[in-house]
Amino acid sequence: MNTNGTSSKILIIEDEEKISRFVELELRHEGYETGKAADGRSGLEEALAGDYDLVILDIMLPELSGIEVLRRLRRESAVPVILLTARDSVTDKVTGLDMGANDYITKPFAIEELLARIRVILRNAESAQAAHGGAEPSSDAILSSPSGIEMNTDSHAVSYKGKAVELTNREFILLKILMENRGVAMTRERLLSEAWGYDYYGETNIIDVYVRYIRQKTADDVIRTIRGVGYMIE
Ligand code: CA
């Protein structure tokens, strides 16, 4: 149930009928309303037309790839998206997250894991909606480091040595966690679980990818590598 007292509506875009039917049954069992599409083109149309609260989007799809569906969807819609990706395709995951996917899950997945991620995303979407318009900027919103990073966690403005830095949402979240834990050597596992809000299993190399992006946009010494542990901002 959402705040309007109605059940959330979830679209499944997946060409493998076995998976999509299984996910549909599980979602209905949990009380969600569902829609289905079996190719990228009809999935995109349905996602734009259907007033969904969340979209589960497979990457390998006929007609239009999941990444292309996401790219076109994001021009018009902020509906939360969970990508279904193949194992070991870090590029797809990073591309997908940077293009505005809220999360991804690797096939084959346990249905309980998918359901848990859906609950997290729907809850975050609800609380974001509830908070919309009510927030006052506060001095707590400013994080800064001696190396020259300054970030405003309200406006999401980031600068390095006084120069504005454009970060993607995921880069921002990761940098924010490191800034909030200055002086603490953070393991990749902890960074993942704090950035994503639940435990990831063995996907820690994605943290290295984001750290590299942040360094490219600022400087190498902004984030220190702690050998055998992870990363730290001093
Ligand atoms: Ca597929």
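**Entry 1: helix α6 and its sheet.** I began with helix α6 (residues 169-180) in this predicted model. I found α6 lying across β6, β7 and β8, at about 110 degrees to β7. I then read the strand order of the open sheet of 4 strands as β6-β7-β8-β9, with antiparallel pairing. I noted β6 (142-144) and β9 (163-165) as the edge strands, each of which pairs on one side only. Direction ignored, neighbouring strands of this sheet are turned against each other by 25 degrees on average.

**Entry 2: the β7-β8 pair.** I looked up the link between β7 (residues 149-152) and β8 (residues 158-160), and found 3 bridges in an antiparallel arrangement. Opposite M151 I located V158 in β8.

**Entry 3: the nonpolar cores.** I asked which residues have the most contacts inside the largest nonpolar core. They are L57 and L175, in a core of 51 residues. Setting aside neighbours within four places in sequence, I listed the contacts of L175 as I149, M151, V158, L167, I214 and I233. Another core, of 17 residues, lies apart from the largest one; I recorded I12, Y32, L114 and I121 among its members.

**Entry 4: the sheet of 3 strands.** I traced a further open sheet in the order β10-β12-β11, again noting antiparallel pairing. β10 (186-187) and β11 (224-226) each have a single partner strand, so one side of each is left without a neighbour in the sheet. Between β10 and β12 (residues 230-232) I found 2 bridges in the antiparallel sense, and M186 stands opposite Y231 in β12. Finally, I saw helix α8 (residues 205-217) packed on this sheet, touching β11 and β12, with its direction at about 35 degrees to that of β12.

Technical notes:
Residues are numbered from 1 along each chain as its sequence is written. This is a predicted model: local features need pLDDT of at least 70, side-chain atom pairs count only at pLDDT 80 or more; totals for chains, interfaces and linings use all residues. Side-chain values use heavy atoms; hydrogens and water are left out. Two strands pair if DSSP finds at least two bridges between them. Contact means heavy atoms within 4.5 Å. Axes are lines fitted to C-alpha atoms, for helices over the stretch in contact, and angles run from 0 to 180 degrees between N-to-C directions. A nonpolar core is a set of buried Ala, Val, Leu, Ile, Met, Phe, Trp, Tyr and Cys residues joined through side-chain atoms within 4.5 Å. Buried means under 20% relative accessible area, exposed over 50%, partly exposed in between (1.4 Å probe, protein chains only).
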